[in-house]
Amino acid sequence: MNIASEAASWLTDGAHWHGEDGFPHRIVQHLGYTALTVAIAAVIAVPLGLWIGHTGRLRGLAIAATGALRALPTLGLLTLMVLWRGIGLTSPTIALVVLAIPPLLAGAYAGLEAVDRQTVDAARAIGMTEWQVLGKVEIPIALPLIIGGFRSAVLQVVATATIAAYIGLGGLGRYIIDGLAVRDYPQILAGATVIVVLALALDAVFAVVQRSLATPR
Amino acid sequence: MKVTRLVATAAAAGLALTLAACGSDPTNTASGSDTSGASSASGSSIVVGSASFGESEILAEIYAGALKAKGIDASTHLDIGEREAYIGALKDGSISLFPEYTGNLLTFLDPKATATAPGDVNAALKSALPDTLTTLTPSAAEDKDSYNVTAGFAKKNDVHSIADLKGISGLSLAGNPELKTRSYGVPGLEKVYGISGITFTPISDSGGPATLKALTSGKVDVADIYSTTPSITQNHLVTLADPQHLIAAQNVVPLIRKDHDNPQVDQVLNAVSAKLTTQSLLQLNGQLNGPDKPTAADVAAQWLNDNGLA
């Protein structure tokens, strides 16, 4: 039997579909880590990105900082966090938040920057306050790009949340890390396949959302 | 299976590259001349190989240094990667001596081997070796998985051996993920030592900083850390004794080509093995990772000096 068909039978084996080590539980854990990470990153990055995009301040710094954050290897960062915070949910969450901030930040400020300045000026001319300009003009027009930031962040985090398993947490990374430890290649491939399918499914959802927002108004 | 073949091909390619790289290294002339004259057998110089990690390099330098000190022509050929690669190099004569570990070498030669006690492992190893190779007397030094607790935990629970863990309820253990299924891991702790209710946290850094942090921060009670990792002494950890030989012996042993083996060489290497202990490996590894970043050769020379072997 080759490795692909062994992986297929690993995937379809009923024993791998229930209990703590089963796919449903691991998928829920994996999505949980992803949601937690993206939520925290969004609270930090989206307001900051909107402020940068609206005011045009610190734009150069934001570009440099997001570039630098993107270059950080997540696994290295995880080890560093473990030395600081110990094993547990905090360490991988911080490492993954750092991964998710750049696309969210870029989506927010690039989205606002792409808004036609004349439209913004017109909004001010009819007497809108700065908050109204932001909330009623800039954000609605920038929304497809902001959602694009989320799409990119979620994709990266779903693919990278496997590292949680490196320090003993759950998620779909368990199949890869545990499989590697005992050279169980079918298990590794089965786990990787589920992660790929999950990532593609989430990406498809975001694609639909993005398209529905981009319809001409 | 496909993967096995792939790995073998990769290992062979890696070996070819390593050997080619070393052949062109001007400082390694001895290995070059030896490759050309490998057939001249016992009279030729001894080339000591090593795997690509610090401890193996130090041991190779110790062997070479001790031989040279007794007037035997020896040189080193360090950093030969995986076992597939260096056993191949020993078989084809491009190296002639290697610091090996009894248990791992036995499992490599005979994957079904079950021996764990030092004597049994050595006996099984002797019969599993290919005709061209032999091992000398193993040293007491062992580099293997070991269960460690903090000094505080050991004192509080009066624990010195794995057997003492039996009475402790809700024991938590950290280590590489394979401990969950391997015979020396959780299944062995339960079956051989009768410890029940172990909570296992897999941490994939082979007893590295994350595992250490989990232990020293009190998240887990016991951690699997390789027995010659300097962090054991640096953090005053207590390595638990293993009276039932749950973990297979991994004594450091000289693996040598028979055509380079003679009483004079045996005498030198046996004198080295007689002085080598797990404690000395801990010390040597600690020195190699020290702040002044010495080379493996420096660390080896110092040890030979201190032990009157050079």
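Which residues touch the most other members of the largest nonpolar core? In this predicted model, they are Ala100(A), Leu104(A) and Tyr63(B), and the core itself holds 126 residues. Helix H5 of chain A, which spans residues 90–113, supplies the largest share of this core, with 12 residues. Chain B contributes as well: at least three residues of the core come from each of its domain 1 (2–142 + 250–306) and domain 2 (145–239). In soluble globular proteins, nonpolar side chains tend to be buried together.

The surroundings of Leu104(A) were examined with neighbours within four places in sequence left aside. Leu104(A) is then in contact with Ala41(A), Ala42(A), Ala45(A), Val46(A) and Gly49(A), and also with Gly149(A), Phe150(A) and Ala153(A).

Between the two chains, 15 residues of chain A are in contact with 17 residues of chain B. On the side of chain A that touches chain B, the elements giving two or more residues are helix H4 (74–85) and helix H8 (173–181) of chain A. The residues of this side comprise 10 nonpolar, 4 polar and 1 charged.

Within chain B, the domain assignment gives domain 1 (2–142 + 250–306) and domain 2 (145–239). Contacts between these domains of chain B involve 8 residues of domain 1 and 5 residues of domain 2. On the side of domain 1 that touches domain 2, helix H12 of chain B (residues 278–288) gives the most, with 5 residues. The residues of that side of domain 1 of chain B divide into 2 nonpolar, 4 polar and 2 charged.

Definitions and conventions: Residues are numbered from 1 along each chain as its sequence is written. Chains are lettered from A and ligands numbered from 1 in the order in which they are written. This is a predicted model: local features need pLDDT of at least 70, side-chain atom pairs count only at pLDDT 80 or more; totals for chains, interfaces and linings use all residues. A nonpolar core is a set of buried Ala, Val, Leu, Ile, Met, Phe, Trp, Tyr and Cys residues joined through C-beta atoms within 7 Å. A residue is buried if 20 or more other C-beta atoms lie within 10 Å of its own, exposed if 12 or fewer, and partly exposed in between; C-beta atoms are placed from the backbone. Helices (H or I, at least four residues) and strands (E, at least two) are DSSP runs, numbered from the N terminus. Domain bounds come from an automatic or database domain assignment. Two residues are in contact if their C-beta atoms, placed from the backbone, lie within 7 Å. Ala, Val, Leu, Ile, Met, Phe, Trp, Tyr, Cys and Pro count as nonpolar, Asp, Glu, Lys and Arg as charged, and the others, Gly among them, as polar.
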